[in-house]
Amino acid sequence: MLFATSLGNYIKSTVGRLLRLHKPHQYNHICSMYPRAVFMEVTNYCNLNCVMCTFHSKESPFRGNGRFSRSKGFMSESLAYKIIDELGSSDVPIWLAMHGAGEPLLHPKIEMFIRRASKYDNLNVGFLTNGMLLTDEKIKALLDSGIKWLSVSIDGLRADLMEKYRKGASFSKIHSNTMHLIQAVTSREEKPFLHVNMTVQKEMEADVDQFVDYWLQYVDQVSVSPCRPIGSRKSPLLPEGVRREPCYMLFETMVIFWDGSVGLCCEDWFNWGQMGSVELNSLYEVWHGKKFSKVRELHLKGKYSKLMLCKECDIWFNKTPKVYFDTNRNCEVVVNAWQTIYRKVNKAKSETIRLADAL
Ligand SMILES: C[S@@+](CC[C@H](N)C(=O)[O-])C[C@H]1O[C@@H](n2cnc3c(N)ncnc32)[C@H](O)[C@@H]1O
Ligand code: SF4
């Protein structure tokens, strides 16, 4: 009897396993062939220690014995080219951001990576930078490499406040580097899309309007992002009573860390998601693999709280931002859960720029 029961269980589990093998990743068919936005973290080292930065702040509660759970490093050339070439050969329009939890300009090969990516028409490549290392030589090298967009983080108009929060930064250096970038772009035929982002601390709130007006004179887009408490994925900007939806991140975005490991989403700073490795597998395999299928299934079934990171996260709301036209500034305004974006009208139509609105 005991034997019969175990044999029965054995048959049941084997048949079950075989059936699962035949329809293993059923929740992947509704996502695109490749992610539409990819974050390729070239390094998670940084030259600053911003007070609000989850990864680099000396005050981050995520440090254990003064260290983080994710090691620091630089992406190897071979891995970077593997990623770029696979995405570039896909023919899918992809917004490719070469930043993560660090400062991309610290990577000695960043221009080479940009050069390789800009050879592919489907890749809209660029990155966010704190601007400290944006020397004239770097600017020239980046423009020569065919970079498509660049965003500089400048927190407000006051040196004392910015330097209080961006530990190690020099306001005047970042301001002057950004002005040199703007001048250099003016003389180029191919002009990358330029963007300035302000992370707003309480003491800076009164300066926001002036900041937007000032930088809109010079760049294509200005955004202002209220500073979130370290590690927080909640937004104070979410309208009351709004119904949660499956998160577009899991269907559209891939986050690759410097060592090739793939996180759950942009909010997965320490790779808690562990979705796979593009060092060991192709991007396609990871994107259509079992792990992504599982998290997509949980979201489609509304079981958000089953995933530690998703339980308390509002980023899903960024997919349906409020959009209106600001007649005074003559620009389009996009308001999502994380930030308000002011974009010059002649730049508003590009599909890949819009993709980034939700990120
Ligand atoms: C993590 S940084 C990486 C790129 C680069 N090192 C930089 O500072 O631009 C990306 C952006 O996140 C912003 N940021 C950092 N901590 C934040 C927080 N707690 N709330 C909102 N934005 C934050 C930074 O100001 C920066 O604009
Ligand atoms: S410059 Fe960017 S990555 Fe570096 S500490 Fe500041 S916010 Fe973090």
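Biologist: Which residues are around ligand 2?
Modeller: This is a predicted model: local features need pLDDT of at least 70, side-chain atom pairs count only at pLDDT 80 or more, and totals for chains, interfaces and linings use all residues. Residues are numbered from 1 along each chain as its sequence is written, while chains are lettered from A and ligands numbered from 1 in the order in which they are written. With a C-beta atom, placed from the backbone, within 6 Å as the cut-off, the residues around ligand 2 are Cys46, Leu48, Asn49, Cys50, Cys53, Phe55, His56, Gly102, Glu103, Asn130 and Arg166.

Biologist: How do the residues of that shell divide into nonpolar, polar and charged?
Modeller: Cys, Leu and Phe count as nonpolar, Glu and Arg as charged, and Gly as polar. The shell around ligand 2 therefore divides into 5 nonpolar, 4 polar and 2 charged.

Biologist: At what angle do helix 2 and helix 3 pack?
Modeller: Helix 2 covers residues 77-88 and helix 3 covers residues 110-118, both DSSP runs (H or I, at least four residues). Their axes, lines fitted to C-alpha atoms over the stretch in contact, lie 9 Å apart. On a scale from 0 to 180 degrees between N-to-C directions, the angle is about 20 degrees.

Biologist: Is helix 2 roughly parallel or roughly antiparallel to helix 3?
Modeller: Angles under 35 degrees count as roughly parallel, and over 145 as roughly antiparallel. The angle here is about 20 degrees. That makes helix 2, relative to helix 3, roughly parallel.

Biologist: Which strands stand at the edges of the open sheet?
Modeller: The sheet has 12 strands (E, at least two residues) in the order 9-8-7-1-2-3-4-5-6-12-11-10, with mixed pairing. Pairing takes at least two DSSP bridges. Each edge strand has a single partner strand, so one side is left without a neighbour; they are strand 9 (276-277) and strand 10 (322-326).

Biologist: What is the bridge partner of Ser223 in strand 12?
Modeller: Strand 6 (residues 221-226) and strand 12 (residues 340-344) run antiparallel, joined by 4 bridges. In strand 12, Ser223 is partnered by Ile341.

Technical notes
Parallel < 35°, antiparallel > 145°, perpendicular 65-115°, else oblique.
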